[in-house]
Number of protein chains: 2
Amino acid sequence: MHRTRVRVVEGVLDANDTIAQANRADFDAADVTVVNLMGAPGAGKTSLLERTVRDLAGVRVGVLEGDVQGSYDATRIASLHVPVTQINTDSGFGGECHLDANMVRSALPSVPLADIDLLVIENVGNLVCPAEFRVGEDVRVMVAAITEGEDKPLKYPLMYRTCELVLITKVDLLPHLEVDREELLASIDAVHPDVETMVVSARTGQGVEEWRRWLAERVALRAAAPVA
Amino acid sequence: MHRTRVRVVEGVLDANDTIAQANRADFDAADVTVVNLMGAPGAGKTSLLERTVRDLAGVRVGVLEGDVQGSYDATRIASLHVPVTQINTDSGFGGECHLDANMVRSALPSVPLADIDLLVIENVGNLVCPAEFRVGEDVRVMVAAITEGEDKPLKYPLMYRTCELVLITKVDLLPHLEVDREELLASIDAVHPDVETMVVSARTGQGVEEWRRWLAERVALRAAAPVA
């Protein structure tokens, strides 16, 4: 059974990459920088995003929300007057535990690419499968809550290995936890040496300005790049 | 592509149920009560288990640890002198984001069923796919950290619907969070009316004795039941 499944999965991943390239071409044509934002359920992706998009001076941002079902996060983001599109993996996609390139492609007609510089795709909360499916993004960013403990990078290494930035969030809770921040950083470094990390808190705002600057620089990089 | 995938998935789930029944028969023959313990990555499943198995008076417990890779949790449990078996979904199972009945079956020769009354199977940290795969368990228990926020039951309803007990853990952090416990309970009730819930903390021990009693009662129920 498993050999058949592996072959099916390989076929699915090849098809996914082809569609991801088509998404990529559309994003390039519209000059939109795309971030695939990943993390465990309840890591605080949406809370951080709410805080981030409020004051992204000069950068026009849009959000694509991926959830198994419901539109709770999309409603939160929409209240900030940011264009947001919901993808539910439950509707026609079998309740998948991740976004894939085809799901993103199906949502693109509803994303106002001409009116934004930056699209943040908030993936389904999951530390395993989202890492396997490219969706046409420029960069992959992980949100890792300090409350999840020090060992998660060692247990879910692929996710940590495929991202360009790890945001360690909920750090306002650190004084109340038996979690060692340095040990978490060492675990991240063990699976992805020299990956960039930032320590943030959506509640206190710690580190959020640095994260905003990182995003703005990514957008500026594209603006400065010669058209391919 | 998706219709083919749905058919493949249905076939996989049928095959899974057949193997789950074989596991079930082996557990019954050995008079072992089996708990499938599920929850998000970093919800605190292992910490709660460490605290729980330390003093399960009169109940001989074994643990089956499911992880994508590594044996960090198994090492923690083994240090408590509890028989523990590791399943890695990375080794021969394609790095799956959940345990299935076949993975559990492949591990059974290493589980000392004759010497235990209770087997706790700690699933891979994930709020989506583990809910779809029965492994031959008697009961499904979810660990939901209060730090994950109030909305997770609404966003991952299948997981909450398929379990018999929800353990709301890390409640010692409640004074430091902007999370409303009653709202979380209301969300759970909305997707699974009248499901049993307990409020626990692995750090302070709050609620752990009640959870131990719940487990002991489950084991006693089997001992009292007529042999089928």
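Predicted model: local features only at pLDDT ≥ 70, side-chain atom pairs only at ≥ 80, totals over all residues.
**Exercise 1. Describe the polar side of the contact between chain B and chain A.**

Step 1. Start with the polar contacts. Between chain B and chain A, 11 residue pairs are in polar contact, counting pairs with both residues at pLDDT 80 or more.

Step 2. Find the elements involved. On the side of chain B that touches chain A, helix H1 (2–29), helix H3 (72–78) and helix H5 (152–155) of chain B each give two or more residues. H1(B) gives the most, with five residues.

Step 3. Sort the residues by class. This side of chain B has 19 nonpolar, 11 polar and 14 charged residues.

Step 4. Turn to the charges. Six salt bridges are found across the interface of chain B and chain A. One of them can be checked by hand. Take Glu178(B) and Arg203(A): their closest N and O atoms are 3.2 Å apart. The cut-off is 4 Å, so the pair counts as a salt bridge.

**Exercise 2. State the extent of the interface.**

Step 1. Count residues. On chain B, 44 residues are in contact with 44 residues of chain A.

Step 2. Give the area. About 3800 Å² is buried between chain B and chain A. Carbon and sulfur atoms give 57% of this area.

**Exercise 3. Trace the sheet of chain A. Which strands stand at the edges?**

Step 1. Write the order. Chain A has an open sheet of seven strands, S3-S2-S4-S1-S5-S6-S7, with parallel pairing.

Step 2. Read off the ends. Strand S3 (84–88) and strand S7 (196–199) of chain A are the edge strands. Each has a single partner strand, so one side of each lacks a neighbour in the sheet.

Step 3. Look at one pair. Strand S6 (residues 165–169) of chain A runs parallel to S7(A), and four bridges join them. Within this pair, Leu167(A) stands opposite Met198(A) in S7(A).

Step 4. Place the helices. Helix H7 (residues 181–191) of chain A lies across S6 and S7 of chain A, at about 160 degrees to S6(A). Helix H8 (residues 208–224) of chain A also packs on the sheet. H8 of chain A touches strand S1 (33–39), strand S4 (118–122), strand S5 (139–145), S6 and S7 of chain A. Its direction makes about 145 degrees with that of S1(A).

**Exercise 4. Do the tracing again for chain B.**

Step 1. Write the order. In chain B, an open sheet of seven strands reads S3-S2-S4-S1-S5-S6-S7, with parallel pairing.

Step 2. Name the edges. Strand S3 (84–88) and strand S7 (196–199) of chain B each pair on one side only. From one strand to the next, the twist averages 20 degrees.

Step 3. Pick a pair. Strand S1 (residues 33–39) and strand S4 (residues 118–122) of chain B run parallel and are joined by five bridges. Leu37(B) has Glu122(B) in S4(B) as its bridge partner.

Key:
Residues numbered from 1 in each chain as written. Chains lettered and ligands numbered in written order. Heavy atoms only, no water. Contact = heavy atoms within 4.5 Å. Buried area = accessible area lost by both parts, 1.4 Å probe. Salt bridge = Lys/Arg side-chain N within 4 Å of Asp/Glu carboxyl O. Polar contact = N/O pair within 3.5 Å; in protein donor to acceptor, adjacent residues only side chain to side chain. Nonpolar A, V, L, I, M, F, W, Y, C, P; charged D, E, K, R; others polar. Pairing = 2+ DSSP bridges. Axes fitted to C-alpha atoms, helices over the stretch in contact; angles between N-to-C directions.
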